[in-house]
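Open the model in your viewer and keep the sequence panel beside it. This tour goes from one selection to the next.

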Amino acid sequence: VSTLAFASAVASLSAHGVGSRQDLPLPFIAVLIGAAAALFVSFVALGALWPEPRLCAESGRPLPSFLRRMLSSALFRAVSVTLALLLTGWTLLALIFGRDDANNPVPYVVYVWLWVGLAALSLLLGPIWAWLNPIRWLHLGLTKLARIDPDSSMTDLSPGYWPAALGLFAFTWLELIAPDRTTLHVLRVAIGFFVLVDLLGALVLGRGWFSRADPFEVWSRLFGSLSPLARRRDGVWVLRSPLRGANAVVVDRGLLATTSVMLGSTAYDGFSSEPRWYTFVQSSDLPSELLMTAGLLGMCLLVALSLHLAVAVSARLAGVRVLGLAAQFAPSLLPIAAGYVVAHYWSLGIFEGQNTLVRLSDPLGIGANWLGTAGLTVNAALLQPTLVATVQVVAIVTGHILGVVLAHERAVTLFERRVAVIGQVPLLVLMVGYTCGGLLLLFSS
Amino acid sequence: MVNLAVGRSLTIIVTSDRDNTLHAHGFNIERHIKAGQPLTITVKGTQPGVYEVELHHPELRLLQVAVR
């Protein structure tokens, strides 16, 4: 097992919020293989997939009974929630009382564990943030103290997923663009502001706010819909196809914006380390933050508009109304977004994820080793270039395949049978575009 | 982007028109530069990856070193 010397002492303000290394460009042959696989699968899918809707959410293979009992047990839930709250408290300790230097764990917890780690855990285990979310627990405690019903809403208005779309955009802006984003004074303001807004939203709209509007819960729920592990409506823990969960995602206003931000922000992160782009940004007379913000927004809009365009052509071909149709197809972007996230953040998550644990051992910056992890060296076995390139291509192509199948299911659900095949061609073309775009971003930056 | 084989070294000479900080990410090098005086640093490729060399005041990316 090879190890890396643990680089510290110097602040790392590179393309990501944290992180001092990036992956080598994807070999061109890997781009070709990935693109060919995506094209091949798409055309096979057109001819070979089922002609009638068949992805019902209520199915799956029940887990062995001891696992089911453990996952449903009050003890297991209490322990996991306690751990999440302890980690939150520990991080707040470092945020409020820690030293503002490169060894402070807060930027690592926020930009690596909360973002990349939560996406990975949700993909594996399901929407875990729905029951770990510390702000949900804070809200519950406050409403209990004030003796008000946590579910009561002061208004009938529902903003749908829009607050989450805005919150996710704000978070990625903070992570990728905000000046001094790894310093404690910026993080204190950002975290304080977020907790306040999230809490107020829940107090005004009731606890339901968290499931649609809290950006991290939505991040976890939407990626968690792709998890093979799920809890059926009757409470039984099952193993199921990732497609069933994603197909059952509730379509509400703002869902398209949310998935566009999830895909577009990751694409921007890859794009931002493209040398021609950052040479342009830093040699321009305009403030670089302005150009980078335009780039991030542009990527998200590109995803949303291209989906709208493809769906408009689909609607024309299938002879159905276009209104609201794009949102119906938004869940098929989820596996593609997940593929981008895995491909893009695999090595960052593994490398800086371990660095986070090292830094957490000394939250106050006094040279302590309270968790016994301060002396860990980063295990780089999972960062070998060939392995990383393989993971990247497999993730992108798998996301593509799942996206194609989901779009197919939607097409046979929404379109008449005789036009369902022709109606999904524009969507397939779009997805091939996203997939080749994702591979090219990994190739060129 | 400059390619660097694992085990080989790369010497970079940087001159800045103002006092500045040079930071070679991943190589753990952070040095002050005096305006007009060339600064020489040498980085050695150990772990494969892409690492950025940049100035901090203002933020300016100079080059990427691809260790293969």
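In which helix is the place of A:Ala395? Select helix 17 of chain A, residues 385-414: A:Ala395 is there. Helices are DSSP runs of H or I with at least four residues, strands are runs of E with at least two, and both are numbered from the N terminus.

Before moving on, some ground rules. This is a predicted model, where local features need pLDDT of at least 70 and side-chain atom pairs count only at pLDDT 80 or more, while totals for chains, interfaces and linings use all residues. Residues are numbered from 1 along each chain as its sequence is written, chains are lettered from A and ligands numbered from 1 in the order in which they are written, and side-chain values use heavy atoms, with hydrogens and water left out.

Stay on A:Ala395. Its relative accessibility is 12%, so A:Ala395 counts as buried (under 20% relative accessible area; exposed is over 50%, partly exposed in between; 1.4 Å probe, protein chains only). Now show its contacts (heavy atoms within 4.5 Å). Leaving aside neighbours within four places in sequence, A:Ala395 touches A:Gly339, A:Val342 and A:Ala343. Next, pick A:Trp346: its C-alpha atom lies 9.9 Å from that of A:Ala395, with the two residues 49 apart along the chain.

Go to the open sheet of chain A. Its 3 strands run in the order 2-4-3, with antiparallel pairing. Strand 2 (61-62) and strand 3 (229-231) of chain A are at the edges with a single partner strand each, so one side of each has no neighbour in the sheet. Select strand 4 of chain A, residues 237-239: strand 4 pairs with strand 2 over 2 bridges (pairing requires at least two DSSP bridges). Click A:Arg61; its bridge partner is A:Leu239.
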